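Here is a short briefing for a reader meeting this structure for the first time. Take a look at the structure, then read on by topic.

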Amino acid sequence: MSTDIRIKKGLNIKLKGRAEHKLSSVKRSSTFAINPTNFHGLLPKMLLKVGDKVQVGDPVFYAKQNEQIKFTSPVSGEIKEIVRGAKRKILSIKIAADKTDVFKDFGAKTPGNLAAPQVKELLLDSGCWPFIKQRPYDIIANPEDTPKSIFISAYDTAPLAASHVYALTGREKEFQTGIDALSKLTEGKVHLAVDGNSASFLNNVDGVIIHNVTGKHPAGNVGVQISKVDPINSGDRVWILNPQDVAIIGNLFLTGKYEPTRVIALAGSHVVGPQYYTITQGTKISDIVDGKLVLGKNRIISGNPLTGASVNSNDPIGFYDDVISVIPEGDHYSFFGWMPFIGNNKFSMSRTFFSWLTPNKEYDLDTNFNGEDRAFVMTGEMEKVMPIDIYPMQLLKATMIYDIEKMENLGIYEVAPEDFALIDFISTSKIEAQDIIRKGLDLMIKEVG
Amino acid sequence: MDFLRKQLDKIQPHFEKGGKFEKFGPAYGGIETFLFVPNHTTKKGAHIRDGIDLKRVMMVVVIALLPALIFGMWNVGYQNMGDGHSFWDYFSFGAIRFLPMIIISYGVGLGIEFAYAIFRGHSVNEGYLVTGLLIPMIMPIDLPLWMLTISVIFAVIIGKEAFGGTGMNILNPALIARAFALFSYAPFMSGSTVWVADSVADGVSGETVLGELAANTIPDTSVFDMFMGYMPGSVGETSVLMILIGAALLLFTGIASWRIMLSSVIGASLVGLLFNAVGSSTNELFNFPWWQHLIVGGFAFGMVFMATDPVSGAQTNTGKWIYGFLIGVFAILIRVVNPTLPEGVMMAILLMNVFAPTIDHYVIESNIKRRKKRLQKVNA
């Protein structure tokens with residue numbers, strides 16, 4: 001079964017340095033890390049202390065909110081260090097890795113023979129549960145909920161995004177098994193969004209509703225797809241996963257092993273020879289990027305340049321990320337840089353640059369703010385990049401003043417920060433929309449739950 | 001450039017926290033960001049940002065105003081001197097009259113903006129770059145400079161800063177300046193003698209098309225002259241051709257709303273047609289062809305540069321259709337049925353400025369209702 005989702009609003013940002021379809025592996029790191037800060041709103045509680053030995057799949061810490069949600073080690077070795085910040089907040093857990101991994105055996109199982117509670121249990125024990133996020137709020141799903149549907153977007157339209165189809169090549173069987181397992185968890189349907197412009201093995205996956213998505217970014221955002229297929233109402237829960245994590249779950253059922261390996265793209269204008277790499281969850285950024293960057297001031301982003309997090313070389317790659325973007329820092333002045341129609345190496349949705357003359361040009365954008373923050377002035381620009389049926393500016397204003405009733409009425413449950421990433425980008429007044437929405441969602445968690 | 005940057009870097013510490021001139025930090029910031037787009041980088045949210053910023057937007061509007069501005073200065077000379085002089089004669093005559101008005105408007109307005117920024121400790125906003133040019137362009141050329149000064153002060157303080165500055169105001173500040181001047185100094189703002197420089201002294205007739213119609217005389221200005229702007233009026237507003245050039249730039253760059261411009265023309269045309277159909281023997285304005293309403297009395301200028309002000313206008317796309325349409329309707333309605341106020345355009349825009357939030361409210365309410373209905377359907 002398949003349907004079409006056509007997105008008209010949006011903006012494609014073409015950046016230099018897209019990853020070439022070429023796969024290498026990186027040298028195995030001596031230390032891996034898990035950063036609990038990758039999981040929004042999580043309060044981690046340690047299960048191990050420094051010096052403890054772990055196998056792959058052994059729980060390292062759990063979520064204080066729900067003790068069932070465990071976070072397991074991606075490698076076998078020894079807990080080397082627990083890095084704490086202010087108020088003893090756990091920032092990072094470093095694990096010294098063995099030469100080769102020893103896996104904890106969860107036992108191979110056929111999802112078709114299991115009931116929902118057994119599937120849940122296996123996912124929770126193995127550390128696969130955190131792969132499942134929920135909408136609204138964009139946080140780890142609550143295992144006690146039953147979602148009305150599960151959405152997987154295998155079409156990423158963000159700048160420098162990795163190709164899911166390429167990353168999943170050779171893991172078709174795992175992916176299908178993962179889908180089989182997930183479909184046990186919902187009474188509704190599992191939805192799989194694929195690139196509507198090119199067919200792949202994903203079009204033949206069983207047990208899902210295929211959505212052929214076409215359109216500009218954010219067409220690939222799962223929140224946009226949900227809003228077109230089965231919009232979220234107050235009280236609803238929809239679960240979402242990344243395609244590669246579905247394959248990791250499938251692999252767990254096929255082999256009984258938690259094997260969090262992932263194909264990631266190292267991309268961006270300041271990468272020499274951007275391409276794909278196979279890595280294990282928790283690999284340090286420096287182990288991936290060293291020797292592959294253009295010298296100079298770089299910003300390394302775990303994720304794409306619109307929604308990713310700025311990282312330094314000691315951090316691990318983000319738990320949910322499948323791309324590392326490296327772009328130049330932009331801490332430079334530009335003399336009369338605001339004059340219309342000059343400085344055309346910059347990209348703009350408006351036609352106040354001549355960049356509209358070269359729609360296919362790939363841009364080398366840096367991190368310059370290109371202005372200063374101002375009050376809301378321009379109207380109509382946010383609507384151009386917001387395909388969800390909400391009023392983005394009014395929702396942002398309601399969120400800024402924490403007017404809960406209005407936020408609810410204007411559709412806060414239907415959005416995640418990533419859906420506002422393009423608004424961050426295009427805003428003339430440089431409104432930090434993602435930050436505002438994140439804070440608003442956190443407030444809703446606290447007040448409404 | 002490098003030299004300038006070095007000088008700024010040298011004095012910058014004085015204006016930072018703990019520096020000698022800490023209080024004047026916002027003023028320094030205002031000048032610095034005018035010269036250089038700052039070296040700020042993204043700290044949270046998206047790591048890359050669109051090249052556009054508010055200064056660039058405002059400058060595009062200023063550029064869009066230039067054709068009308070230059071023509072307006074030429075026309076000031078032309079209206080006073082009549083045929084037979086060179087372009088430069090007309091232009092320099094107009095420039096000598098008009099440049100002081102621009103200087104006053106920018107000087108006084110920006111002075112207040114900077115003072116407020118220092119006083120309130122916020123950064124200087126660039127909104128006044130456009131307002132400061134709009135105000136003299138919609139005033140009569142003979143308006144005494146002290147009246148202009150007071151109008152600017154009123155508009156900036158009461159119209160804008162009292163609400164919190166650029167982006168917060170309810171009414172269009174340039175129109176506030178004009179409305180203030182009209183009601184405070186009516187003899188200098190209306191009638192047959194104010195629209196042409198030195199018209200009394202030089203004995204030049206300076207009645208506008210609408211003024212003549214209101215007096216029930218049929219104007220002898222040709223349609224071509226109306227469109228080209230060879231007629232008396234405020235400096236910026238006479239030439240529809242020049243305004244359309246500006247409009248083209250605003251629409252092409254995506255800065256002004258085409259919805260407002262289009263719907264206001266539709267609204268005005270419909271009301272004009274209605275009056276034409278009704279007709280009147282006592283009010284020539286009823287019989288003035290509907291399409292000619294669109295090219296006189298500052299209608300084009302108002303629709304292109306004033307109604308489209310994003311801050312005081314409707315903010316939703318549906319709201320913009322309604323807002324623009326009603327501006328068109330009221331502009332012609334006021335103009336025709338109240339001959340003492342040929343300035344229907346200004347009144348209509350100010351009126352709809354007040355109602356814009358109400359329009360938006362109902363537009364957004366329909367979105368909210370849709371969402372609630374969906375919820376009810378699921379729960380049912």
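Start with one residue, Asn298(A), which sits in strand 18 of chain A. The model shown is predicted.

**Around Asn298(A)**
- Leaving aside neighbours within four places in sequence, Asn298(A) is in contact with His270(A), Leu293(A), Val326(A), Pro328(A) and Glu329(A).
- Val271(A) is 27 residues from Asn298(A) in sequence, and their C-alpha atoms are 9.7 Å apart.

**Chain A overall**
- Chain A has 10 helices and 21 strands.
- Its radius of gyration is 22 Å, close to the 22 Å from the globule rule for 449 residues, so chain A is as compact as a globular protein of that length.
- The C-alpha trace of chain A spans about 65 × 50 × 45 Å along its principal axes.
- Of the 449 residues of chain A, 55% count as buried.
- Take the contacts in chain A between residues at least 6 apart in sequence: 68% of them join residues at least 24 apart.

**Domains of chain A**
- Chain A is divided into domain 1 (2-13 + 106-255), domain 2 (31-97) and domain 3 (372-447).
- The centres of domain 1 and domain 3 of chain A, taken over C-alpha atoms, are 25 Å apart.
- Between these two domains of chain A, 17 residues of domain 1 are in contact with 19 residues of domain 3.
- Helix 4 (residues 222-229) of chain A gives the most to the domain 1 side of this contact, with three residues.
- That side of domain 1 divides into eight nonpolar, six polar and three charged residues.

**Where chain A meets chain B**
- In this contact, 63 residues of chain A touch 50 residues of chain B.
- Several elements of chain A each supply at least two residues to its side, including strand 18 (298-302), helix 7 (392-400) and helix 10 (433-447).
- Helix 9 of chain A provides the largest share of that side, four residues.
- By class, the chain A side has 27 nonpolar, 24 polar and 12 charged residues.

**A helix pair in chain B**
- Helix 3 (residues 54-81) and helix 4 (residues 87-120) of chain B pack at an angle of about 105°, with their axes 6 Å apart.
- The two helices of chain B are therefore roughly perpendicular to each other.
- Residues making the contact include Met73(B) and Trp74(B) of helix 3 of chain B, and Phe87(B) and Tyr90(B) of helix 4 of chain B.
- This contact between helix 3 and helix 4 of chain B has 11 nonpolar, four polar and two charged residues.

**Backbone details in chain A**
- Most residues other than glycine have a negative phi, and most peptide bonds are trans.
- The peptide bond from Arg135(A) to Pro136(A) is cis, with omega near 0°.
- Pro136(A) lies in the loop between strand 10 (133-135) and strand 11 (139-140) of chain A.
- Tyr137(A) is found in the loop between strand 10 and strand 11 of chain A, and its phi is positive, near 90°.
- Tyr137(A) is buried, with 21 other C-beta atoms within 10 Å.
- Another cis peptide bond joins His217(A) and Pro218(A), with omega about 10°.
- Phe336(A) is not a glycine, yet has a positive phi of about 50°.
- Phe336(A) is partly exposed, with 14 other C-beta atoms within 10 Å.

Terms used: Residues are numbered from 1 along each chain as its sequence is written. Chains are lettered from A and ligands numbered from 1 in the order in which they are written. This is a predicted model: local features need pLDDT of at least 70, side-chain atom pairs count only at pLDDT 80 or more; totals for chains, interfaces and linings use all residues. The radius of gyration is taken over C-alpha atoms; the globule rule is 2.2 Å times the number of residues to the power 0.38. A residue is buried if 20 or more other C-beta atoms lie within 10 Å of its own, exposed if 12 or fewer, and partly exposed in between; C-beta atoms are placed from the backbone. Two residues are in contact if their C-beta atoms, placed from the backbone, lie within 7 Å. Domain bounds come from an automatic or database domain assignment. Ala, Val, Leu, Ile, Met, Phe, Trp, Tyr, Cys and Pro count as nonpolar, Asp, Glu, Lys and Arg as charged, and the others, Gly among them, as polar. Axes are lines fitted to C-alpha atoms, for helices over the stretch in contact, and angles run from 0 to 180 degrees between N-to-C directions. Angles under 35 degrees count as roughly parallel, over 145 as roughly antiparallel, 65 to 115 as roughly perpendicular and the rest as oblique.
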